[in-house]
2 protein chains.
Amino acid sequence: MKNNQIEEFKQATITKIDQCLDEYLASLESYTILKDAMCYSVDAGGKRLRSFLILAICQTFKGKYSDLDLQVASSLELIHTYSLIHDDLPEMDNDDLRRGKPTNHKVYGQAMAVLAGDGLLTTAFEWLSRLELDPVIQVKLIHALSKAAGPEGMVNGQVGDIQGEQHQLTLAQLQRVHRGKTGALIQYACYAGGLLSNVSAEHQDALKQFGTQFGLAFQIYDDILDVVGTEAELGKKVHKDQAENKNTYPRLLGLEGAQKELRHSVQLMRESLAVLHQDGIDISLLADFLNYFKIKDKA
Amino acid sequence: MKNNQIEEFKQATITKIDQCLDEYLASLESYTILKDAMCYSVDAGGKRLRSFLILAICQTFKGKYSDLDLQVASSLELIHTYSLIHDDLPEMDNDDLRRGKPTNHKVYGQAMAVLAGDGLLTTAFEWLSRLELDPVIQVKLIHALSKAAGPEGMVNGQVGDIQGEQHQLTLAQLQRVHRGKTGALIQYACYAGGLLSNVSAEHQDALKQFGTQFGLAFQIYDDILDVVGTEAELGKKVHKDQAENKNTYPRLLGLEGAQKELRHSVQLMRESLAVLHQDGIDISLLADFLNYFKIKDKA
């Protein structure tokens, strides 16, 4: 794909994901206030990075994605959104602003924010389990998603993050936190995309490596942005990590060391794509994810 | 089954559920503090009413229950426990005591209580999806559970409960709240038990009616106990509903009216069991659930 085609595909796909999410949420028979609270955060204009990754993989391997692929992909945004709502709670990261808008509990109150998160988390599995997929594939997806999102994945990472505020972590410990907190859902996206595209074991391995390094790079980049970014650029408060004594790559390795670590992960992402490229696969859509990491040199 | 056999079966089964839960939770690769927080509430000595109901149905229709049945049943306790942890949070019901012990957030702090709840909720689906069941049955169970627990079920009921604090509900509105808050998981238990036992459509209907009325009766009884019970008997604070201006059956119908409503639901439970009895099924284990409702006459 050429650059302008990639951009078109991306915009069209994100629009479809947004529509798919709206349709699904509109179909729920819930109290209006609960639906509003869930929709508020789902519609808060995220990049749909995780769901788009699933569909980019389908497009890469199958040359298209089906409506079922779209629904599987969209359901992942419910999990991601729930995690943001709960992370923003006063007892957690205590954030008032998310993507430039007041956080869920600031608008709907703390009780409703807990319940909106619970609702989104649960209903992701409802959505996945109601699709007319091959039940064997369906169970695999549900298992991988629950593993990635749960107490061995994302929830564990969040616990590690909170725990880490009390003492300095080693690099290995920090990586464990991040593998859970950010890496697990991105890895799931790679796995799901590969499964829906029925790829070979070798290609599934390459996607796994891509996802693992993507997750790490994503978190390192986020840490770096908190140091060098501005509130206007990011739509959220910056320099929070240092103020809250968070364990971050820049704190552990210095800004330069963190940037080096980021470049290393991006390099490994490139290498995993090379495996696919060697087999004649057009990797341009996946290579475009590397552009996410625009390393700034100013401190 | 005779009364002493029922009692033996109940004790043996609850012990197995407890063991099954402990083994599953012990197998998780999570931070110790997260595992501790999850286990604390799972092990807090509940009656295992919902999971036992699944196994009582299996025993009733198949004359036994398998290890897989046991695991499906036990996974339901994770959902029930998560709901208690989140309901007890300061922003929700703000309870310090549960089953005579400090609530989860009182011991582990509010952030960990949110995460322990999130972890238990997610991992219930992980557990169900990793079992070696027929994938068609597995998807049906996951779908029914997520529907029962989510924003059209239990989470919705909890929202209705909070909303209702601000104005008096009608009986129909209160029943909607309770169908979600308490009824949905009990109905799921009846559905799951029937599905695992491969019962006829007619018997599945009878179980559904049993579950619906059981859920209603359960909540009415809980409301009544809050009026006539003592903290020592119940292991939690009483007279909270009135203090918090909660919508309850006694508030709406008076204590006598609530007791009449309870007797009505119990009668409908009896009638649904009569359908099974007519087909030569030994209903003694299920009829024993009626003993749960010991209607006190003192106010």
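Reader: What conventions apply here?

Author: The model is predicted, and local features need pLDDT of at least 70, side-chain atom pairs count only at pLDDT 80 or more, and totals for chains, interfaces and linings use all residues. Residues are numbered from 1 along each chain as its sequence is written, chains are lettered from A and ligands numbered from 1 in the order in which they are written, and side-chain values use heavy atoms, with hydrogens and water left out.

Reader: How many helices and strands does chain A have?

Author: Helices (H or I, at least four residues) and strands (E, at least two) are DSSP runs, numbered from the N terminus. Chain A comes to 14 helices and 2 strands.

Reader: What does the radius of gyration say about chain A?

Author: The radius is taken over C-alpha atoms, and the globule rule is 2.2 Å times the number of residues to the power 0.38. For 299 residues a compact globule would have a radius near 19 Å, and chain A agrees, with 19 Å. The C-alpha trace of chain A spans about 50 × 45 × 35 Å along its principal axes.

Reader: What share of chain A is buried?

Author: Buried means under 20% relative accessible area, exposed over 50%, and partly exposed in between (1.4 Å probe, protein chains only). Of the 299 residues of chain A, 59% count as buried. As for contacts (heavy atoms within 4.5 Å), among those in chain A between residues at least 6 apart in sequence, 74% join residues at least 24 apart.

Reader: How many residues of each chain take part in the contact between chain A and chain B, and what area is buried there?

Author: Buried area is the accessible area (1.4 Å probe) that two parts lose on being put together, summed over both. Here chain A and chain B bury about 4100 Å² between them, and carbon and sulfur atoms give 71% of that area. Chain A brings 49 residues to the contact and chain B brings 49 residues. Y31(A), T122(A) and P151(A) supply 16% of the area that chain A buries against chain B, more than any other three residues.

Reader: How many polar contacts and salt bridges cross the interface?

Author: A polar contact is a pair of N or O atoms within 3.5 Å; within protein, one must be able to donate a hydrogen and the other to accept it, and residues adjacent in sequence count only if both atoms are side-chain atoms. Between chain A and chain B, 12 residue pairs are in polar contact (both at pLDDT 80 or more). On the side of chain A that touches chain B, the largest share, 14 residues, comes from α6(A). By class, that side has 24 nonpolar, 17 polar and 8 charged residues; Ala, Val, Leu, Ile, Met, Phe, Trp, Tyr, Cys and Pro count as nonpolar, Asp, Glu, Lys and Arg as charged, and the others, Gly among them, as polar.

A salt bridge is a side-chain nitrogen of Lys or Arg within 4 Å of a carboxyl oxygen of Asp or Glu. The rule finds 1 salt bridge across the interface: K147(A) with E126(B), at 4.0 Å from N to O.

Reader: Which salt bridge of D18(B) is there, and where do its partners lie?

Author: The structure holds 21 salt bridges over all chains. D18(B) pairs with R48(B), with the closest N and O atoms 2.6 Å apart. D18(B) is in helix α1 of chain B and R48(B) in the loop between α2 (32-42) and α3 (49-62), so the pair links distant parts of the chain, 30 residues apart. D18(B) is partly exposed, at 27% relative accessibility, whereas R48(B) is buried, at 4%.

In chain A, K62(A) and D69(A) form a salt bridge with closest N and O atoms 2.8 Å apart. K62(A) is partly exposed at 33% relative accessibility, and D69(A) is buried at 2%.

Reader: Is T13(B) buried or exposed, and what does its side chain meet?

Author: T13(B), in helix α1 (residues 3-26) of chain B, counts as buried because its relative accessibility is 0%. A polar atom of its side chain lies 2.7 Å from the backbone oxygen of F9(B), and a polar contact of 3.0 Å joins the side chains of T13(B) and Y65(B). Leaving aside neighbours within four places in sequence, T13(B) is in contact with F52(B), L55(B) and Y65(B).
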